[in-house]
Amino acid sequence: MKRNQKNSTDVIEKVGPIVLPLGINNSVVVNFKLTLYRLDNRNYHVLVCDPLVASGIVLLRIESACTFAHLYGSKLCDCELQLKTALSMISKDGGILIYALDQHGRGVGLVNHVRVYQVEQTGIDTVEAHKALGLDVDARHYFDALKILEDLKISKIKLLTNNPSRIDFFKTKLKYVERL
């Protein structure tokens, strides 16, 4: 690779941070720092709540965009609850939330996410709906999140997830990973 060529996960643009006060649990206002990242053609919101843990082990949640739950409050999935729970935990303990705008619907995109919902409404679950449409069950990747963590100089995390592939990925790339 030529020295001046960009790797597909290089940080192309970083805007911020700005202070973003968020209402947590509909009562307490917590100041997060928001930075926007663009890596190649993918976009991320990164919310950081200080104080970060003195041990250097950072609480991390990677949240894939879900327009239906996050924007409209849809109850077709539990994405809204997961996001609110993660923000609440991060606001108490410090940590980071990486919001992956371009990994919608398990990474299949917004249009396919609608198609998955259509198939699910015939009575089958999410995994089977993805398979029926010829889609990857989980098309997300975490190389960009890793690049963001490198930019933030973070190598030890407590990962808020129930996704085994996320855990396996980060265990091979970072010094320390614990699932929470």
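**Cysteines.** I took a disulfide to be a pair of cysteine sulfur atoms within 2.5 Å. By that cut-off I found 0 disulfides in the structure. This is a predicted model, so I noted the limits: local features need pLDDT of at least 70, side-chain atom pairs count only at pLDDT 80 or more, and totals for chains, interfaces and linings use all residues. Residues are numbered from 1 along each chain as its sequence is written, and side-chain values use heavy atoms, with hydrogens and water left out.

I then checked C77. The closest cysteine sulfur to C77 is in C79, at 3.4 Å, again too far for a bond.

I also looked up exposure. Buried means under 20% relative accessible area, exposed over 50%, and partly exposed in between (1.4 Å probe, protein chains only). C66 is buried at 1% relative accessibility. C77 is partly exposed at 22%.

**Nonpolar packing.** Next I looked for nonpolar cores, meaning sets of buried Ala, Val, Leu, Ile, Met, Phe, Trp, Tyr and Cys residues joined through side-chain atoms within 4.5 Å. The largest has 24 residues. L60, I96, I98, L149, I157 and F170 touch the most other members.

Helices (H or I, at least four residues) and strands (E, at least two) are DSSP runs, numbered from the N terminus. Helix 6 gives the most, with 4 residues.

Beyond its neighbours within four places in sequence, L149 contacts L60, I98, I154, I157, F170 and L174. Another core, of 15 residues, lies apart from the largest one; L34, A65, I90 and Y99 are among its members.

**Strand 4.** Is strand 4 buried or exposed? I found 8 of its 8 residues buried, so strand 4 is largely enclosed by the rest of the structure. I57, L59, R61 and E63 point one way, and V58, L60, I62 and S64 the other way.

Last, I checked its partners. Two strands pair if DSSP finds at least two bridges between them. Strand 4 runs parallel to strand 6, joined by 4 bridges. There L59 stands opposite K158. With strand 5, strand 4 pairs in the parallel sense over 5 bridges. There R61 stands opposite L97.

Conventions:
Contact = heavy atoms within 4.5 Å.
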